Amino acid sequence: MASFHDKVVYQIYPKSFYDFDGDGIGDLRGVRAKLDYLQSLGIDLIWLTPFFVSPQRDNGYDVADYCRVDPRFGTMVDVEALIDDARDRGMGIMLDMVFNHTSTAHEWFQRALAGEKKYQEYYIFRNGTPDTPPTNWVSKFGGSAWEYVPALGKWYLHLFDVTQADLNWDNPAVREELKSVIRFWKRKGVQGFRFDVVNLISKPAQFCDDTEGDGRRFYTDGPHVHAYLRELVADTGIADLVTVGEMSSTTIENCVLYSNPAERELSMCFNFHHLKIDYRGGDKWQLMPPDLEKLKRLLCRWQTEMQAQNGWNATFWCNHDQPRIVSRLGDEGVYRKRSAKMLATAIHLLRGTPYVYQGEEIGMTNAHYTSIEQYADVESRNYYRILCESGSTPAEALAVLAARSRDNGRTPMQWSDAPHAGFSTGTPWLAPSDTYRTIHVAEACADPDSILHYYKTLIALRKRLPVIAEGEIAFYGMEIPGLLGYYRTLGDDALLVLCNLTGDTLAVSLPAEQTRWQVLLDSCGDAPAIGERLTLRPYEALVLQK
Ligand code: TEU
């Protein structure tokens, strides 16, 4: 049994988790202060998004020094204490390695700008004139993916913000530098690594215009990505740690290679296809109601094909880049609790390692901001301008941000109904969601029927029933609109998971044998009458056990 199949990972965005020193920015001591809470959830690993020295233009995903702690978040002593305290409670720390790019404030880039050839070769510079970028590629955050440096007469590539310069992985010296970073943190005792957009690290030998798209087809799952990952893992000795790659616009074929143990790359992959089901024409900035049947088809394909080829998925709905799942696929109103529990069931019982993102376990909602000044995210601010310039009214652009902004997932963790949601005694760097007076951890701890307690149940079940961690998956009732159904089986053990993804009742027919199975779990608290004709209530998840 692979060591990570029965694990559950909890993701923390330290900036928004808990502010210990009261400056409005969450910090490492804040995380330490909440370790008992995390332990009570039953999780195994804590993934911390970057807290390294950074200008914070992209909230730490613009790293200026991989081996130093940004003073906003604390000190190295705080990290070491956090690793120790977590270990004492049976939890490991997983760090976020942003190796596709560095901040332009990184010493390497600064030395490149100062003319040092060695460091220019750390990045992707191309000679040129100010009027013509080397290619027509588009940055993920809007605008050209190239920036001109007049003093050098060169352009540099940045797939993300202009202050996030892409590293040149074809240069062995770069790969050695990054291995040193891994070794440094491994020595501190971390238990795992998450690799940011790691399938974008290998760029093509020739750069040419993309006449069909934004350029991604040339660098996504690029030519040497598998070789580079194998080398990184082998040379740093992290094959036994838990490693997860964030894969942008990837394919199943590639994710099998990234995560099949025989390939010696990573433990598992995040992919985002199931979260693009409400992008009109594939465009995040064009709203559309979620296409639930497409969601089912995607989950079914990824689950069954990864299983067939011995790949392993990281399963998730939420992270710091995504709007909140109850707001997106569930219900913010009367069915909030029930829909959050149904969505949790759907994810936790799939084949893969589930990730819980801070606040998801209490059913936190979107931010509900109403003015552009409330947003902090560089992507949101860029796209607000782009949308307005391309004909949207400010009200229309704000409606898009309200649904799509990454800040929806970054509002302060709601600990209590105290001012600023109990997150900070200072003024939070980002305003809490307007829902914090009713949705918070203190309330969830006190309510035995809360979403929080349901998450604890799901996490505990994974430890108790090997069929969840190790069983096979097969989908059920794909033809029934609105039903996400699947079997999990391991030897004589079996589960049938039935999720009503809709806000309407749903009629489901069951095979005679399954009508005799026991009810293991129900997101409504009580179970419906089990028979060959079964009616699921709005957003009900029902789990039957053989
Ligand atoms: O995200 C990668 C990424 O592609 C996301 O930006 C995603 O495309 C976007 O949210 C959807 O619109 C990772 C990090 O998770 C993100 O926070 C960073 O901004 C990005 O890499 C750059 O490091």
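**Cavities, pockets and the ligand**

Reply: The largest cavity is lined by 13 residues, and N271, H274, L299, W302 and N313 lie nearest its centre. This is a predicted model, in which local features need pLDDT of at least 70 and side-chain atom pairs count only at pLDDT 80 or more, while totals for chains, interfaces and linings use all residues. Residues are numbered from 1 along each chain as its sequence is written, and side-chain values use heavy atoms, with hydrogens and water left out.

Me: What is a cavity, and which elements give two or more residues to the lining of the largest cavity?

Reply: Rolling a probe the size of a water molecule over the atoms shows where empty space is left. On a 1 Å grid over the protein atoms alone, a cavity is a set of points where a 1.4 Å probe fits but cannot get out, and lining residues have an atom within 4 Å of a point. Here α10 (292-308) and β14 (314-315) are the elements that give two or more residues to the lining of the largest cavity. Helices (H or I, at least four residues) and strands (E, at least two) are DSSP runs, numbered from the N terminus. The most comes from α10, with four residues.

Me: Which classes of residue make up the lining of the largest cavity?

Reply: Ala, Val, Leu, Ile, Met, Phe, Trp, Tyr, Cys and Pro count as nonpolar, Asp, Glu, Lys and Arg as charged, and the others, Gly among them, as polar. The lining of the largest cavity has eight nonpolar, five polar and no charged residues.

Me: How is a pocket defined, and how many residues line the largest pocket?

Reply: A pocket is an open set of grid points with protein on both sides within 12 Å along at least five of seven lines. In this model 33 residues line the largest pocket, and K140, R216, K276, K284 and E379 lie nearest its centre. That lining divides into eleven nonpolar, eight polar and 14 charged residues. The second largest pocket is lined by 17 residues, with F4, A239, P261, L266 and S267 nearest its centre. Its lining has nine nonpolar, five polar and three charged residues.

Me: Where is the ligand, and which residues are closest to the ligand?

Reply: A molecule sits in a pocket if more than half of its atoms lie within 2 Å of its grid points. The ligand takes up the largest pocket. A residue is near a molecule if one of its heavy atoms lies within 4 Å of it. The ligand is surrounded by 16 residues, the closest being D58, D196, K284, H320 and D321. By class, this shell has four nonpolar, three polar and nine charged residues.
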